[in-house]
Amino acid sequence: MCLIYVFGVLAITSGVFSQDTTTLLPKIRDLFVAVGSSVKIPCTDGEEKGVEWRFNSSVLVSSPVLSIQNSSLKDQGIYTCHQPNGDLIQTVSLHLGYPPSPPDVHCWSPSYPKRAICSWTLSQDPILPTHYVATYRSVSESLSSARQCQKWGEQDTQCALEELEIFASEPTLVNITAINALGSTTRIWPIIFEQIVKPDPPVNVSVMVMPGRKLSVQWGPPPTWPDPVNFLLKYTVKFHWGKPETARTLSPYESNKRVLSGLVAGRTYYIQISAKDSLDDGQSSDWSAPINATIPIN
């Protein structure tokens, strides 16, 4: 059930929110309405006959009360109420949209054990400006002890969780609340730090042709992995010669180099590397961008 908000002289039905945008007369009011809702807007000082409502400057109806049934996006715009002599009484800017849907949350840790990152999306575009409050806490902690999830990057739908406990005996609860003029909704998402580990792809992948139809491949750990000495990564090498169905993978190992042997002269091989926590926690990284090398015929 939608809350009803009333400001000044506006009479507003379910699914509607209004606010002044200026203190100067005549006042301009922003009116937020859920698509499909009905709204009635009385005109200030509009008891006399001949009061007229206009929509985007076109005459709409002669009535002291503007009634919009089953509103749709085409009803969005500027409504003005006028006295019989044409003088402006008030202006209403009507905005149509939806209350936010529960956020779909996804969390992963490319920087274990330093931080995790959570991102979220809404299943339906609310159209109206929407902002988010993101917090996290352990299951056993009180709501008042929840920490703010810090904005990560330039997106408003991504944040970083710092100083999570490793090998914790209970989950961490991530709380994402979406808020706009028509309402709010919350998703509580439990995570286990070790289960969401996912390194970024390895970097600086290089390949060198060697005698005997071999390729020497080297790479570096992802720079976002903060401590590759104490928190080791293991790597998987994937290579193919032009057709994805010919791809082969070599079992994970902790070295950052590998020699590919038994290759065919004249073929061009495409090589990619992925990384995973050495204790097998979480998921493997995405594959690195492919690099290629051709085995000479002679």
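Me: Which cysteine is joined to Cys 43 by a disulfide?
Reply: Happy to look. In this predicted model, the S to S distance of the pair is 1.7 Å, which falls within the 2.5 Å cut-off for a disulfide. The cysteine joined to Cys 43 is Cys 81.

Me: Is the disulfide of Cys 43 and Cys 81 left-handed or right-handed?
Reply: The handedness follows from the torsion about the S-S bond, which is about -105° for Cys 43 and Cys 81. The disulfide is therefore left-handed.

Me: How many residues apart in sequence are the parts that Cys 43 and Cys 81 tie together?
Reply: Cys 43 sits in the loop between β3 (39-42) and β4 (52-55), while Cys 81 belongs to strand β7 (residues 77-82). The parts tied together by this pair are apart in sequence by 38 residues.

Me: What is the handedness of the disulfide between Cys 107 and Cys 118?
Reply: Good one to check. The S to S distance here is 2.0 Å, and the torsion about the S-S bond is about 105°. That torsion makes the disulfide of Cys 107 and Cys 118 right-handed.

Me: Which strand holds Cys 118?
Reply: Cys 107 and Cys 118 are joined by a disulfide, and both are buried. Cys 107 lies in strand β9 (residues 104-111), 11 residues apart in sequence from its partner. The strand holding Cys 118 is β10 (residues 115-121).

Me: What is the torsion about the S-S bond of Cys 149 and Cys 159?
Reply: This disulfide has an S to S distance of 2.0 Å, and it is right-handed. The torsion behind that handedness is about 90°.

Me: What is the pairing of the bonded cysteines, numbered in sequence order?
Reply: The whole structure has 3 disulfides. They are Cys 43 to Cys 81, Cys 107 to Cys 118, and Cys 149 to Cys 159. Numbered in sequence order, the pairing is 1-2, 3-4, 5-6.

Me: What distance separates the C-alpha atoms of Thr 185 and Pro 102?
Reply: Thr 185 is in strand β16 (residues 183-191), and Pro 102 is 83 residues away along the chain. Thr 185 touches Pro 102, as well as others including Pro 100 and Ile 176. The C-alpha atoms of Thr 185 and Pro 102 are separated by 5.5 Å.

Key: Residues numbered from 1 in each chain as written. Predicted model: local features only at pLDDT ≥ 70, side-chain atom pairs only at ≥ 80, totals over all residues. Heavy atoms only, no water. Helix = DSSP H or I, 4+ residues; strand = E, 2+ residues; numbered from the N terminus. Contact = heavy atoms within 4.5 Å. Buried < 20%, exposed > 50% of the residue type's maximum accessible area, 1.4 Å probe, protein only. Lists of a residue's contacts leave out its neighbours within four places in sequence.
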